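Welcome! Here is a short briefing for anyone meeting this protein for the first time. Take a moment with the sequence and the model, then read on.

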Amino acid sequence: MSVPKTSPGLEFSYQFAFRLTASTTAAITSLLQTVTTLLQSNPFVVVISLYFSKAFDTVRHSSLLAKMAKLELPAVVYNWLVAFFTGHAHRTVYNKEVSSTRSITASIIQGSSIRPASYTVTAADLQPLHVSNRFIKFADNTYLVVPAESADTRATELSNIIAWTATNNLKLNKLKTKEVVFYDSRRRRKLPPPPLLPDVDRDTTLKVL
């Protein structure tokens, strides 16, 4: 299952996973190009590496289907997707004891062919609030790029991301969320970095993908 480049309220341009023309190399190249381009007009650029805990396992079906309804899918395909995500249940058998049955309303079935694209659609409405900021995404590996000119928006952007995760039954792992401040080494004069964000560690290196 592939997804289109654009749909109302959804943005796929900066998603580099599970698309025909995308790859890890394309994601890394885009991140590098975005940072270096912004450094031409900014004294520094901040990159915040975001980590969502068990992202594929917690996607809420109702939220996912609402977003899929915005795609230009044939009605028969959308109805099949609704049927695919509906009617699943779980119960546990242990020592001859059987638990009550509970409906499964979240997670994407591991190994299914629509699992990757489903998360791509889920993350498509996660967009920056400030026009100068950028997201670079590869599946659930997400990087928020903030130039110096909008460094004071970082806290607001993080609050928006946390609100988005709550709406989509996801969780931002702050212990694994890091930020790095990049400078142009050719500049003789460097401005001090922006203040630290609460609960976000600042590092000197960034491990991408």
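Which residues do ring pairs link into a cluster? They are Trp-80, Phe-84 and Phe-85. Please keep in mind that this is a predicted model. The protein has six helices and eleven strands, and the points below go through it topic by topic.

**The overall picture**

- The C-alpha trace spans about 70 × 45 × 25 Å along the principal axes of the protein.
- Of the 209 residues in the protein, 41% are buried.
- Among contacts with a separation of 6 or more, 69% are between residues 24 or more positions apart.

**Aromatic rings**

- The structure holds five aromatic pairs.
- In general, a pair of aromatic rings is described by the distance of the centres and the angle of the planes.
- A charged side chain also meets a ring here: Lys-137 lies over the face of Phe-135, at 5.7 Å from the ring centre.

- Helix 3 covers residues 61-68, and it is largely enclosed by the rest of the structure because six of its eight residues are buried.
- The buried residues of helix 3 are His-61, Ser-63, Leu-64, Leu-65, Lys-67 and Met-68.
- The cover over these buried residues includes strand 2 (10-11), helix 4 (75-85), helix 5 (115-122) and helix 6 (154-167).
- His-61 is found in helix 3, and its relative accessibility of 7% is why it counts as buried.
- Leaving out residues up to four places away in sequence, His-61 touches Phe-85, Ile-104, Thr-105, Ala-106 and Ser-107. One of these, Phe-85, belongs to the ring cluster with Trp-80 and Phe-84.
- Lys-70 sits in the loop between helix 3 and helix 4, and with a relative accessible area of 40% it is partly exposed.
- Lys-70 and Val-121 are 51 residues apart in sequence, while their C-alpha atoms are 9.9 Å apart in space.

**The largest pocket**

- The largest pocket holds about 270 Å³ of space.
- It is lined by 13 residues, and the closest to its centre are Ser-49, Tyr-143, Lys-176, Leu-206 and Lys-207.
- Strand 3 (44-51) and strand 9 (141-147) are the elements that give two or more residues to this lining.
- Strand 3 provides the largest share of the pocket lining, with three residues.
- Sorted by class, the pocket lining has five nonpolar, three polar and five charged residues.
- Ser-49 lies in strand 3, and at 13% relative accessibility it counts as buried.
- Neighbours within four places in sequence aside, Ser-49 is in contact with Thr-142, Tyr-143, Lys-176, Thr-177, Lys-178 and Leu-206. Among them, Tyr-143, Lys-176 and Leu-206 are named with Ser-49 as closest to the pocket centre.

**The cavity**

- How many cavities of 30 Å³ or more does the structure hold? There is one.
- The space in the largest cavity comes to about 30 Å³.
- Its lining is made by Ala-27, Ile-28, Leu-31, Ile-136, Lys-137, Phe-138, Tyr-143, Val-208 and Leu-209.
- Helix 1 (24-39) and strand 8 (134-138) are the elements that give two or more residues to the cavity lining.
- By class, the cavity lining has eight nonpolar residues, no polar ones and one charged.

**Backbone points to look for**

- Most residues other than glycine have a negative phi.
- Ser-107 is not a glycine, yet it has a positive phi of about 85°.
- You will find Ser-107 in the loop between strand 7 (102-103) and helix 5, and at 22% relative accessibility it counts as partly exposed.
- Ser-107 is also one of the residues that His-61 touches.
- Asn-169, again not a glycine, has a positive phi of about 65°.
- The loop between helix 6 and strand 10 (178-183) is the place of Asn-169, and its relative accessibility of 30% makes it partly exposed.

Key. Residues numbered from 1 in each chain as written. Predicted model: local features only at pLDDT ≥ 70, side-chain atom pairs only at ≥ 80, totals over all residues. Heavy atoms only, no water. Phe/Tyr/Trp six-rings, centres within 6.5 Å; stacked < 30°, edge-to-face > 60°. Lys NZ or Arg CZ within 6 Å of the ring centre and 35° of its normal. Buried < 20%, exposed > 50% of the residue type's maximum accessible area, 1.4 Å probe, protein only. Helix = DSSP H or I, 4+ residues; strand = E, 2+ residues; numbered from the N terminus. Contact = heavy atoms within 4.5 Å. 1 Å grid on protein atoms, 1.4 Å probe; cavity = no way out; pocket = protein on both sides within 12 Å on 5 of 7 lines; lining within 4 Å. Points joined across faces, edges and corners; volume = space filled by probe spheres on them. Nonpolar A, V, L, I, M, F, W, Y, C, P; charged D, E, K, R; others polar.
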